[in-house]
Amino acid sequence: MSEIFRNLGLGFGTIANVQSLIFIFIGMIVGILGGAIPGISPSMAVALLLPITYSLSPVVAMVMLMGIYIGANYGGSITAVAINTPGTPSATVTAFDGYPLLKKGRAGEAMGISLWASVFGGIIGAIILIFFSVPLSKAALKFWPSEYFALCIMGLTTVATLGGKHWQKALVTCLFGLLLNTMGLDPTFGIKRFTFGVTKLFDGFEMVPVLIGLFALGEVLNNLEHFDAKKKIEREKIDYKLPKPSYYWKLKGPIARAGLVGCLIGIFPGAGGTIASFLAYDVEKRVSKNPAEFGQGAPAGVAAAEASNSGSVGGAMVPLLTLGIPGSSTAAVLLSALMIHNLNPGPKLFTEQPALVYGLFASMFIANVFMLLVGTFGAKLWVRVGYIKKTILYPLIFAFAILGSYAIKKSMFDVGTCLVFGLIGWMFKKFDYPSSPLVLGLVLGKLIETNYVQTLMVTGPVGFIQRPLTVILFVISIAALAYPIIIAKVHAKKDAKKAAEPPTDDED
């Protein structure tokens, strides 16, 4: 323990210079802007500035890229709250309650919660990374495909709470997302499936155009359907002032739980912040005393989403630094940055380059402090997006949606994908179907299929029951699905019993 503190002190000393601090700040600003622009993911933002690092020292290069990674995870929440357009896939969950809070005139509250939850979620992830990186990475490495499969199935059980009372509709949209995932090349054998001769479908659907279409264009089309240009629209009273710091103490439980969930999920390669945010949101809804509030503007929902995706940053760095296995797509870009500077991730990196490793850890704390300062002063400006006239805002959202979709691969097919899913999102809103389970199905589909096939190839069907952890995860999944059904039946019986009781004298 004393060695860890000594190395951490070395790390802070290594980056305690003007150059390192300036580049951390620049990276964090670029990350926030990149995350806020739909179509630019954290991995893309890091990749865009990767060429700049060639002329920098390894320490300065890595702390700048880390600043981008941290800033981008928070930046996605800005547009998610302001215009219901998640800037990053993990910010999808933030929009569930962040945008409804804005519609209620509590935009400052939503922005403040997303900021503080991101900061403290990131700090939780950094602390876990520092103290438990080596043992946690060894535990994650022992996971078999059957356990990854069971973990993904557990992720699908969040559909039970995402749909609320209309869980049947949530199930339909989730199955639709899983079916869409079957389009393209088989991830194991490379067989073409449901491509209809379209080569662009070989890789399936790109996630960002799908998200932009479902949430941004779907919202615009739904609003346009009920838009009356002649009607005089009164400006909604929006409170854009951030709450006092003492307010966030009420959310300490959701932030701590979600930060921990995000970090633990981030450790598993391929899981990432999106799955972490869905799972953390589901956990908070289950433990909440007012679960019906979720999806309608629950502060705990925003806190869980942001704390978990920021916490996943620390988690993703665990297997990257200790084993050389990136835990997310952004971590994969960071891996290439390490290779550029002739640094090989692994246990030896901690002993051969302690100044760099612990300097990277120290930069996570500093980047989060910078983000708190920038977010506090910038939130009032970002919230005012809601003041833009609808006749200007809707065309702008549409234009950014098209540009964001095209920018990913410079492909008109992605633009078409965005438009099609915009229509699907509109229909979902029209007939009261939730869009989020479709995203969950798309995110988890390939992981479920790949790990299912790998388990069958290695051990056969018995592989799903021979490892205790796999069985435990399956049991948790069954319990998670059964819990809301049992609770609903218990409440129904109580209501029926009350209705059958004869009226009392007082009621007469």
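Mentor: Happy to; we start with the model as a whole, go on to the salt bridges, and end with a few other spots.

Please keep in mind that this is a predicted model. The mean pLDDT of the protein is 78, with 83% of its residues at 70 or more. Confidence is lowest in helix α8 (residues 159-162), where the mean is 58, and highest in helix α18 (residues 412-430), where it is 88. Where pLDDT is low, the predicted coordinates should not be read in detail.

As for the overall make-up, the protein has 20 helices and 2 strands. Of its 508 residues, 54% count as buried. The protein exposes about 23100 Å², and carbon and sulfur atoms supply 68% of that area. Take the contacts between residues at least 6 apart in sequence: 78% of them join residues at least 24 apart.

Now to the part you asked about. Side chains of opposite charge can pair when their charged atoms come close. The structure holds 5 salt bridges, and D186, R193 and E449 are linked in a network of them. R193 belongs to strand β2 (residues 192-193) and E449 to helix α19 (residues 436-458), so their pairing ties together parts that are 256 residues apart in sequence. What about solvent? D186 and R193 are both buried, and E449 is buried as well.

Another salt bridge has a local setting. D282 and R286 pair up with their closest N and O atoms 2.9 Å apart. Both residues sit in helix α12 (residues 272-287), 4 residues apart, which is about one turn of the helix. An α-helix has 3.6 residues a turn, so residues three or four places apart point the same way. The two partners do not share an exposure class: D282 is buried, because its relative accessible area of 6% is under 20%, whereas R286 counts as partly exposed at 22% relative accessibility.

Setting aside neighbours within four places in sequence, S363 is in contact with I15, I24, V63 and M66.

Finally, look at A91, in the loop between α4 (58-83) and α5 (92-103). With 0% relative accessibility, A91 counts as buried. Beyond its neighbours within four places in sequence, A91 is in contact with G76, S77, A80 and P86. For A80, the C-alpha to C-alpha distance to A91 is 6.4 Å, while the two are 11 residues apart in sequence.

Terms used:
Residues are numbered from 1 along each chain as its sequence is written. This is a predicted model: local features need pLDDT of at least 70, side-chain atom pairs count only at pLDDT 80 or more; totals for chains, interfaces and linings use all residues. Side-chain values use heavy atoms; hydrogens and water are left out. A salt bridge is a side-chain nitrogen of Lys or Arg within 4 Å of a carboxyl oxygen of Asp or Glu. Buried means under 20% relative accessible area, exposed over 50%, partly exposed in between (1.4 Å probe, protein chains only). Contact means heavy atoms within 4.5 Å. Accessible areas come from the Shrake-Rupley method with a 1.4 Å probe; for residues, only the protein chains shown count as cover. pLDDT is the predictor's confidence in each residue, from 0 to 100.
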